[in-house]
Amino acid sequence: MSNKVNKNALRAGTVTAGTALMLLMSSPAFALTRDDGDDPGPGLSVIQTLGLYVAAPLVLFLVIAGLVVLSDKSRKQTKSQG
């Protein structure tokens, strides 16, 4: 039993160390340094951000769902009539 616990602890430690190493290697060390051609535009306001990332996807989802429901109802009506 102790051997199995030791193997699991070693595996967990290895995975944790590997994950931490990968996170440290991928950290944006030079994020404040501008790249050539980097031209950030003005930031978005709170309303613009909510509209872009919340309202627009919801509207798009509702439009697609409505089109699917309408096409499904039209198929059911033609099958029941014919």
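Here are a few questions and answers on helices and surface.

Mentor: It's a predicted model, where local features need pLDDT of at least 70, side-chain atom pairs count only at pLDDT 80 or more, and totals for chains, interfaces and linings use all residues. Residues are numbered from 1 along each chain as its sequence is written, and side-chain values use heavy atoms, with hydrogens and water left out.

Trainee: How many residues of helix 1 are buried?

Mentor: Helix 1 covers residues 2-25, as a DSSP run of H or I with at least four residues. Buried means under 20% relative accessible area with a 1.4 Å probe, protein chains only. Helix 1 is hardly covered, and among its 24 residues the buried count is 0.

Trainee: Is Val-54 buried, partly exposed or exposed?

Mentor: Val-54 sits in helix 2, residues 46-81. Exposed starts over 50%, and partly exposed lies between that and the 20% buried limit. Val-54 has 42% relative accessibility, so Val-54 is partly exposed.

Notes: Helices (H or I, at least four residues) and strands (E, at least two) are DSSP runs, numbered from the N terminus. The expected span of a helix is 1.5 Å times one less than its number of residues.
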